[in-house]
Amino acid sequence: MSARPSVLVARRIFPDIVQRLREHFEVEEPLDDEPLPQPELIRRLQGKVGLFATGTELIDATLLQACPDLRAVCLMTVGYNNVDLAACAARGVVVTNAPDVLTETTADFGFALLLAAARRVTEAEHYLRAGRWKQWNIDLLAGADVHGSTLGVLGMGRIGQAIARRAALGFGMRVIYHNRSRLAPELEAPLGAQWVDKTELLRRADHLIIVVPYTPAAHHLIGAPELALMKPSATLVNIARGGVVDDAALAEALAAGRLAAAGLDVFEGEPQLNPALLALSNVVLTPHIASASIATRRAMCNLAVDNLIAALTGGQVLTPVGP
């Protein structure tokens, strides 16, 4: 039997990156790419000291109690709402995530969703593919301008700032934002960004992008009352987390014409989603792929591996979360 410590890779990742782990540990990989239910995850974690995790594994007190050897949970994602940080801290389990490496790629995609929703790109493609394009009309699939309009950013962290930079410097947009704390003046100034309260943000934005982390306090941060404050001509984009937006209320607003369009990469209960959204033509839907470029997904995996190696070999982890 090998004396090397054992780790579990919870989901399929790039083989060469797994090989990096094999240089230090005994590694168990998944047999398929299905999310592991917690009982199966617990079974596979027996005797394991480390877990390479994604956003789909539930790491809570129940799992930690059943896996006494576990010393490190290293996520390849930025979000860590699937991990009970307090329970991990109580048992001395190190938790890390993967910020920064996906910022620019995610901001690109958020802007892509904004453009697609505002300019009705998905709707136009479906119209064309269905053979409905017969002639030119002056208002055929006419959407909303993005350049020169007002962008509202809800959550002005790394990704929010990257989106604001694209908006202000690339599209000449006015940028307003709401955050728990105001940015430093030297960060606001190059973007002409203005902090406003949440109500003003919703009322003024021609296009709203949501980039807040999910917490219980952020559940349905945007619901029917908030949507009612927005302009009927406005576009809403959610690249944050499912549950931040009340999807049922959003679908109702879109169907009733109280909101012009939406672009959604995340959903409540994903991979399932509210069927009312599927029936709408004025919403662009993508399957949680905002960070999905090959280079970025590799960088996310490599950062998780770097953290796992450091956590289990006496090094300093790069991106710890929690106490």
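This is a predicted model: local features need pLDDT of at least 70, side-chain atom pairs count only at pLDDT 80 or more; totals for chains, interfaces and linings use all residues.
1. Which residues of helix 13 are buried? They are Thr296, Met300, Cys301, Leu303, Ala304, Val305, Asn307, Leu308, Ile309, Ala310, Ala311 and Leu312.

2. I also checked the length of helix 13. With 19 residues (294–312) at 1.5 Å a residue, the helix should span 27 Å, and its end C-alpha atoms are 27 Å apart, so the two agree. After helix 13 comes Gly314, which has a positive phi, near 85°.

3. Ala107 has a relative accessible area of 0%, which falls under the 20% cut-off, so it counts as buried. Leaving aside residues up to four places away in sequence, Ala107 touches Ile159, Ala162, Ile163 and Arg166. As for Cys88, it sits 19 residues from Ala107 along the chain, and their C-alpha atoms are separated by 31 Å.

4. Over to strand 6 (residues 150–154), where Thr150 has its place. Is Thr150 buried or exposed? Its relative accessible area is 7%, and since that is under 20%, Thr150 is buried. Again not counting residues up to four places away in sequence, Thr150 touches Met173, Arg174 and Ile176, along with Arg204, Ala205, Asp206 and His207.

Notes:
Residues are numbered from 1 along each chain as its sequence is written. Side-chain values use heavy atoms; hydrogens and water are left out. Helices (H or I, at least four residues) and strands (E, at least two) are DSSP runs, numbered from the N terminus. The expected span of a helix is 1.5 Å times one less than its number of residues. Buried means under 20% relative accessible area, exposed over 50%, partly exposed in between (1.4 Å probe, protein chains only). Contact means heavy atoms within 4.5 Å.
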